[in-house]
Amino acid sequence: MNPRMRAIVRAELGLDGDGAGLDRRGFLQVTATAAGGLLLAARFPSIADAAGAAAPGPQLYIAIAPDNRVTLTIPHSEIGQGVRTSLAMLIAEELDADWSQIRVDNAPFDRRFDDQGAGGSSSVWSRFDSLRQVGAAMRTMLIGAAAARWRVPAAQLRADNGFVVHAASRRRASFAELFADAARQPVPDNPPLRPRAQWKIIGKDHIGKDVDDIVHGRARFGLDQRLPGMLFASIERPREFGATPASFDRAAALAVPGVKHVIELAAVAPSVDMAHARITGGMPRTASRWYRCSGAPAPRWYTRLATPTPSSPAQRPCIAPTTASRSSPTPLSSR
Amino acid sequence: VQVAWTRLNVPQCGYCQAGQIMTAAALLASVPTPTDADIDAAMAGNLCRCGTYVRIRAAVHEAAKLASTKVAR
């Protein structure tokens, strides 16, 4: 990592300047969970500050269940970039957890997490040190707890695949057994990170943490969200780059079975966010019988779709169909 | 097919994968040992924005292999 990035993540961790440590701003907190396990909450000061004093709180959670399973809850959005696997690798590497025992959940959308978007390939590099620090801090506390329990120097102990091990006396204790004591250990300042040559998880191939759910149809996507009275909307755009909708036939669109509303969007001035989308107003999607485009060159598709064959897509209703769901009408949550 | 998909780490976001898997299963039901061309033709209707096509094709071959091994046993 280059020095500039290192400075940014150090600032995020509150490690800047006067030797301030991880615990200076309540960086890590441990609490009991309803399920009998324990939960470690990590808070990244710069995010908490950015989100405002009204919304401080942890941004990342590590839960260890009595059976030693580790569940990470990360604020980042998973959109196929593999963040649920890659960020877990960063924590697991330093925690020395059993990779097969790690599950990853996404945090709900909440203001306290600040920006939960994904983009710019930033997740791994921006968290590369801080998440390893979280794992290392937790490992140090677990080892500290075992050292106190067994009355041996911490330097004689090591973490190994979900356990703390004292080789000399052949004692070992699972993370789950030690977690309650570990919660009372001091949060270490700058816990040592494992040198690259010793990485066991980072840099290796792993089956994605989502893969089993995906191939068995258990993964859930935005499309799976259902709320009472929910309607489905689609924004219809011209197919031609630069085309501007000229007109559309509202009555014909409303006549399509299930269509509740047809809403014409106001023209949106290009902004930083919209620069690529180039929304110029209107909603028609194809050269169906409901609309015509202006601003695009007379395209071949127009003549093709204007005289559709029975099986062509132009036969399908395509004006912003807002169809009713199966349940009763209630407004969508503002979230 | 599911075992092959897991073994080759096929999905990324996963959104399209249920359809990919069903199409692959249908292909293998009628063509037990498909060629690359068979796979490309049969799977052409399933789009994947993550671009997992290379692994999908490999996983269909893997599934065919797994199925034939199972029958041989």
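## Contacts and the Two Chains

Contact means that heavy atoms lie within 4.5 Å of each other. With that term in place, the predicted model can be described chain by chain. In chain A, residues 24 or more positions apart account for 67% of the contacts with a separation of 6 or more. The secondary structure of chain A consists of eight helices and twelve strands. Chain A has 335 residues, and 43% of them count as buried.

Chain B has 73 residues, of which 33% count as buried. It contains four helices and zero strands, and its elements run α-α-α-α from the N terminus on. Among contacts in chain B with a separation of 6 or more, 64% join residues 24 or more positions apart.

## The Nonpolar Cores

In soluble globular proteins, nonpolar side chains tend to be buried together. The largest nonpolar core in this model has 45 residues. Within this core, the residues with the most contacts are A:I62, A:I102, A:L142 and A:V164. Several elements of chain A each supply at least two residues of the core, including the strands β2 (38-42), β3 (60-64), β4 (70-74), β5 (102-106) and β6 (157-160). The helices α3 (83-95), α4 (123-150) and α5 (175-182) of chain A also each supply at least two. The largest share, eleven residues, comes from α4(A). Apart from this core lies another, of 16 residues, among them A:V215, B:L27, B:M43 and B:A59.

Which residues does A:I102 touch, not counting residues up to four places away in sequence? They are A:V70, A:L72, A:A88, A:A92, A:A97 and A:K209. A:K209 is also a contact of A:T85, a residue in helix α3 of chain A. Leaving aside its neighbours within four places in sequence, A:T85 is in contact with A:W99 and A:G208 as well as A:K209. Buried means under 20% relative accessible area; A:T85 therefore counts as buried, at 11% relative accessibility.

## The Interface Between the Chains

The contact between the chains takes 13 residues from chain B and eleven residues from chain A. The area buried between chain B and chain A is about 1100 Å², and carbon and sulfur atoms give 64% of this area. In chain B, the residues that lose the most area to chain A are B:T6, B:N9 and B:Y15, which together make up 42% of what that side buries.

One of these residues, B:N9, is found in the loop between α1 (2-7) and α2 (17-30) of chain B. Phi of B:N9 is near 55 degrees, a positive value in a residue other than glycine. B:N9 counts as partly exposed because its relative accessibility is 22%.

## The Largest Pocket

The largest pocket has a volume of about 980 Å³. Of the 31 residues that line it, the closest to its centre are A:F109, A:R220, A:F221, A:G222 and A:L223. The elements that give two or more residues to this lining are α6 (211-215) and β9 (231-232) of chain A.

How many residues of the lining are nonpolar, polar and charged? The lining divides into 16 nonpolar, eight polar and seven charged residues.

## Selected Residues

A:N161 is located in the loop between β6 and β7 (163-166) of chain A. Its phi is near 55 degrees, which is a positive value in a residue other than glycine. Is A:N161 buried or partly exposed? A:N161 counts as partly exposed because its relative accessibility is 42%.

Two further residues concern pairs that are separated along the sequence. A:A148 lies in helix α4 of chain A and counts as partly exposed, at 48% relative accessibility. The C-alpha atoms of A:A148 and A:Q185 are separated by 9.5 Å, although these residues are 37 residues apart along the chain. In chain B, B:G51 lies in the loop between α3 (36-43) and α4 (53-72). With a relative accessible area of 44%, B:G51 is partly exposed. The C-alpha atoms of B:G51 and B:Q12, 39 residues apart along the chain, are separated by 8.6 Å.

Terms used. Residues numbered from 1 in each chain as written. Chains lettered and ligands numbered in written order. Predicted model: local features only at pLDDT ≥ 70, side-chain atom pairs only at ≥ 80, totals over all residues. Heavy atoms only, no water. 1 Å grid on protein atoms, 1.4 Å probe; cavity = no way out; pocket = protein on both sides within 12 Å on 5 of 7 lines; lining within 4 Å. Points joined across faces, edges and corners; volume = space filled by probe spheres on them. Nonpolar A, V, L, I, M, F, W, Y, C, P; charged D, E, K, R; others polar. Core = buried A, V, L, I, M, F, W, Y, C linked by side-chain atoms within 4.5 Å. Buried < 20%, exposed > 50% of the residue type's maximum accessible area, 1.4 Å probe, protein only. Buried area = accessible area lost by both parts, 1.4 Å probe.
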